[in-house]
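Here is a short tour of a protein model for someone meeting structures for the first time. Take a look at the picture, then read on.

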Amino acid sequence: MAYTCNDTMRAFLRDLPKCEHHLHLEGTLEPDLLFPLAKRNGIELPAHFPQTVEALEDRYSRFKDLQDFLDFYYIGTNVLLKEEDFFDLAWAYFQRAHSQGLRHAEVFFDPQSHTTRGVSLETVTSGFRSACARAEEELHVTSKLIMCLLRHTPVEECMATLTDAQRMFEAGELHGLGLDSAEKPFPPELFVECYERARSFHPELRLTAHAGEEGGADYIHNALDLLQVSRVDHGVNAAHDAELMERLARDQTMLTVCPLSNVRLQVVQDVGELPLQKFLDAGVPFSLNSDDPAYFGGYILDNYVAVHQRFGWDAATWARVARQAINGSWCEEKRKNDLLAEVDAVLAKYAGVIE
Ligand SMILES: Nc1ncnc2[nH]cnc12
Ligand SMILES: [Zn+2]
């Protein structure tokens with residue numbers, strides 16, 4: 001089914017206060033920043049890598065699957081070397097997403113893709129934290145940093161990364177732990193020890209993991225049972241398991257769904273195939289996110305618009321979607337209440353204008 005998203009609907013979706021929970025900062029590296037950074041840092045890109053912005057964008061529109069994307073993504077991260085590179089990257093994301101109505105973001109980063117190249121964790125987080133501070137001060141966008149472990153790397157390397165980051169977790173500079181990269185041959189059970197260790201760092205440390213993007217519902221069960229995550233990234237394959245759906249609804253465990261990513265990585269062929277209506281009907285909370293917007297053709301509002309074009313939800317349903325993203329955020333209650341009040345104000349502004 002196709003629905004139009006006219007200018008008024010688009011303005012409504014833009015004005016809704018949006019929270020993003022599934023955004024890889026390294027995945028915001030636009031081709032038009034990648035090439036200048038490679039030059040600035042004297043990084044030679046591999047011979048097979050497309051050599052112009054246009055050629056790279058074209059290649060990004062033809063990913064075969066998650067691994068095909070990750071091969072480009074990790075080459076891209078190699079151009080990031082200095083604190084200012086990490087700052088520039090994150091600040092560009094905040095400005096762009098803010099222009100699309102982003103109000104709160106919980107953002108991932110992959111330390112191992114930098115530390116293995118000799119870039120210190122301190123360099124990475126200092127750049128990112130400065131950008132977060134500026135976003136809050138100038139754009140009133142609040143944020144939290146979530147450190148991810150790369151599941152294709154040995155557990156010992158992940159444990160060493162946790163040791164490296166321990167002080168930052170204890171100081172509350174890092175708010176959560178996640179798990180990303182190639183999913184299928186690296187199930188959650190491999191990382192039990194890592195999650196246990198992280199939990200010992202801080203009583204309020206939040207845990208999440210990518211599960212059910214290319215892995216089945218069993219990956220989601222195991223992330224919940226063995227890693228004790230309180231949120232699941234992607235999670236769309238939960239829809240195939242009625243018992244899991246009931247569990248997610250009962251516990252109000254949020255799925256951080258990434259519509260345009262799922263199409264680009266061929267998890268589904270069309271946004272309309274995503275089980276979003278099923279999640280709504282079953283009371284399974286989800287948020288809509290951009291994942292790696294520089295690679296997947298759109299930022300947060302672009303994802304909301306793509307969903308509208310397939311689901312054609314009314315204003316009340318969109319308000320419900322915005323509220324469940326706010327309620328599933330890891331921010332302070334006061335911030336949540338302010339954002340919930342903003343949803344009501346936007347609904348009032350558009351009352352009688354859209355149904
Ligand atoms: N969609 C995704 N799945 C797994 N790992 C990722 N790293 C960056 N984006 C990812
Ligand atoms: Zn992701």
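Asp291 counts as buried, because 29 C-beta neighbours lie inside 10 Å; the label "buried" asks for 20 or more other C-beta atoms within 10 Å of a residue's own, "exposed" for 12 or fewer, and "partly exposed" covers what is in between, with C-beta atoms placed from the backbone. The model is predicted: local features need pLDDT of at least 70 and side-chain atom pairs count only at pLDDT 80 or more, while totals for chains, interfaces and linings use all residues. Residues are numbered from 1 along each chain as its sequence is written, with chains lettered from A and ligands numbered from 1 in the order in which they are written.

- Most residues other than glycine have a negative phi.
- Asp291 is not a glycine, yet its phi is positive, about 65°.
- You can find Asp291 in the loop between β8 and α14 (293–296); helices (H or I, at least four residues) and strands (E, at least two) are DSSP runs numbered from the N terminus.
- Gln266 also has a positive phi, near 60°, and sits in the loop between α12 (259–264) and α13 (276–282).
- Gln266 is partly exposed, because 14 other C-beta atoms lie within 10 Å.

**The sheet**

- Eight strands form an open sheet in the order β1-β2-β3-β4-β5-β6-β7-β8, with parallel pairing; strands pair if DSSP finds at least two bridges between them.
- At the edges are β1 (18–24) and β8 (286–288), each pairing on one side only.
- From one strand to the next, the twist averages 25°.
- Five bridges join β3 (residues 142–150) and β4 (residues 176–180) in the parallel sense, and Met147 has Leu177 in β4 as its bridge partner.

**Helices on the sheet and on each other**

- Helix α10 (residues 217–225) lies across β5 (206–211) and β6 (231–234), at about 165° to β5; axes are lines fitted to C-alpha atoms, for helices over the stretch in contact, and angles run from 0 to 180 degrees between N-to-C directions.
- The axes of helix α1 (residues 7–15) and α15 come within 10 Å and cross at roughly 135°.
- That makes α1 oblique to α15, since angles under 35 degrees count as roughly parallel, over 145 as roughly antiparallel, 65 to 115 as roughly perpendicular and the rest as oblique.
- Met9, Arg10, Leu13 and Arg14 of α1 meet Leu301, Tyr304, Val305 and His308 of α15; contact requires C-beta atoms, placed from the backbone, within 7 Å.

Terms used. Two residues are in contact if their C-beta atoms, placed from the backbone, lie within 7 Å.
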